[in-house]
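Have the structure open as you read.

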Amino acid sequence: GIDLNLKYQMDQSFWIGAGVSKSKSIRFEVGFVLGENIGLDNQTRIGYSYEDGFNEFANIFGKTHEISINYAFDSRR
């Protein structure tokens, strides 16, 4: 399938995004980047996304909510 996603990151601490898929689904996301802006040495990303489909499988599986946490290790130490 083909996906088109757009993401806009503000001030290296917040992002929003949206996307659409050829498989007839839409996606919205938002997240925060925690790192130097709050005094941490490494970077942690916390995000939430929502996806809804407009195809025959959408009614069976329903809408998707996702919470993600990503931690970046600094290998230079």
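**Salt bridges, one by one**

Start with Arg-27, Glu-29, Glu-51 and Glu-66, which are linked in a network of salt bridges. A salt bridge here means a side-chain nitrogen of Lys or Arg within 4 Å of a carboxyl oxygen of Asp or Glu. The structure holds 4 of them. Before going on, keep in mind that this is a predicted model, where local features need pLDDT of at least 70, side-chain atom pairs count only at pLDDT 80 or more, and totals for chains, interfaces and linings use all residues. Residues are numbered from 1 along each chain as its sequence is written, and side-chain values use heavy atoms, with hydrogens and water left out.

Now look at Arg-27 and Glu-29: their closest N and O atoms sit 3.6 Å apart. Arg-27 is partly exposed at 24% relative accessibility (buried is under 20% relative accessible area, exposed is over 50%, partly exposed is in between, with a 1.4 Å probe and protein chains only). Glu-29 is partly exposed too, with a relative accessible area of 24%.

Arg-27 also meets Glu-66 in a salt bridge, at 3.7 Å from N to O. This pair links distant parts of the chain, 39 residues apart: Arg-27 is in strand S3 (residues 25–34) and Glu-66 in strand S5 (residues 64–72). Helices (H or I, at least four residues) and strands (E, at least two) are DSSP runs, numbered from the N terminus. Glu-66 is partly exposed, at 37%.

What does Asp-52 form a salt bridge with? The partner is Lys-63, with the closest N and O atoms 3.6 Å apart. Asp-52 lies in strand S4 (residues 43–53) and Lys-63 in the loop between helix H1 (58–61) and S5, so the pair ties together parts that are 11 residues apart in sequence. Asp-52 is buried, with a relative accessible area of 14%.
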